[in-house]
Amino acid sequence: MVGIVAADADFMIHSILKLNVFGQEVYLTTTHVSLLIVCVGLIVFALVVRCRLKDTDGKPGGLQNAVEMIVEMLDGMVKSSMGKNAVRYRNYIGTLFLFLIISNTSGLLGLRPPTADYGVTFPLGVITFVLIQYNNIRWNKVGAFTDLFKPIPVLFPINLIGEIAVPFSLSLRLFGNVVSGTVIMALIYGLLSKVAFLWPGILHAYFDIFSGAIQTYVFCMLTMVFISQKIPENN
C-alpha cells in the first residue's frame with residue numbers, strides 16, 4: 001500500500017515537449033521551463049529597476065532604496081571575502097547570488113527548482129573552475145603547474161585530483177541539498193496528501209528558504225575563496 005501511494009508522489013520531473021534536433025530526440029522538461037522563468041524574471045526585474053531609476057529625477061523611491069540595499073549587501077559580502085579584488089568579481093558574484101537564491105526558493109512558487117537538476121549546477125561549478133584556473137595561470141604563471149608537485153613530487157596525483165574535484169564538489173553540494181528538499185516535500189505530499197494542508201509550510205520554510213539561502217551563500221563564498229587563493233596578495 002505504501003509503495004502504491006509513494007508511486008503517486010510528484011517529483012515535478014515532467015517532459016513537456018519532444019524535439020528532433022539533428023536526428024536526436026531532445027526533451028523540453030519542467031527544469032527548462034523553470035530555468036527560463038527564473039532568467040526572464042531576473043531580466044524583467046533588472047529592466048524595471050533601470051527604467052524606474054531613469055524616472056526618479058533624483059528622488060529615490062522605495063524600489064530604488066530596496067535595490068540599493070541589496071547591491072550594498074552583495075558588494076559588502078564580496079569585499080569582505082576578496083578584498084581589493086572584489087571590484088573585478090562583484091558583478092559576477094552578485095549575479096550568481098541572485099540567480100541561485102531565486103532558483104533555490106522557486107519551489108515556493110510551485111516551480112521545480114532549476115538547481116535541483118545537475119545539468120544546471122554542474123555548469124556553474126565549471127565556470128567557477130575556469131575562473132580559478134584562469135587566475136592561477138595569470139598570476140602564478142609556471143607556478144600554477146609546479147605547485148602541483150609540492151611539498152613533495154609524490155603528492156602530484158593527490159594535488160591534481162584536488163584541483164579537478166572542485167567543480168564536482170561545488171555542484172554536487174548544491175544539487176544534493178536542493179534536490180533532497182524537493183524529494184522530501186514530494187514524498188510528504190504524496191504519502192500524507194489527505195492531512196498535508198497547512199503544516200508543511202513549516203518544512204517549506206526550511207527546505208526552500210533557509211536551506212536555499214544557506215546553499216546560495218556557501219556556493220558563492222567558496223567561489224570567492226577559491227579564486228582569492230590563486231591571486232597573490234601583492235598583485
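I began with the helix 4 and helix 5 pair: Arg88, Tyr89, Tyr92, Leu96, Phe99 and Leu100 in helix 4 meet Val120, Leu124, Ile127, Thr128, Leu131, Asn135 and Trp139 in helix 5.

The model is predicted, with local features needing pLDDT of at least 70, side-chain atom pairs pLDDT 80 or more, and totals for chains, interfaces and linings using all residues. Residues are numbered from 1 along each chain as its sequence is written, and side-chain values use heavy atoms, with hydrogens and water left out.

Next I looked up the packing geometry. The angle between helix 4 and helix 5 is about 165°, and their axes lie 13 Å apart (lines fitted to C-alpha atoms over the stretch in contact; angles run from 0 to 180 degrees between N-to-C directions). Helix 4 and helix 5 are therefore roughly antiparallel (an angle over 145 degrees).

Then I turned to the largest nonpolar core, which has 29 residues, Met77 and Leu100 having the most contacts inside it. Such a core joins buried Ala, Val, Leu, Ile, Met, Phe, Trp, Tyr and Cys residues through side-chain atoms within 4.5 Å, buried being under 20% relative accessible area with a 1.4 Å probe, protein chains only. Helix 4 gives the most, 8 residues.

Beyond four places in sequence, I list Ile93, Phe97, Tyr217, Cys220, Met221 and Met224 as contacts of Met77.

Methods:
Buried means under 20% relative accessible area, exposed over 50%, partly exposed in between (1.4 Å probe, protein chains only). Helices (H or I, at least four residues) and strands (E, at least two) are DSSP runs, numbered from the N terminus. Contact means heavy atoms within 4.5 Å. Angles under 35 degrees count as roughly parallel, over 145 as roughly antiparallel, 65 to 115 as roughly perpendicular and the rest as oblique.
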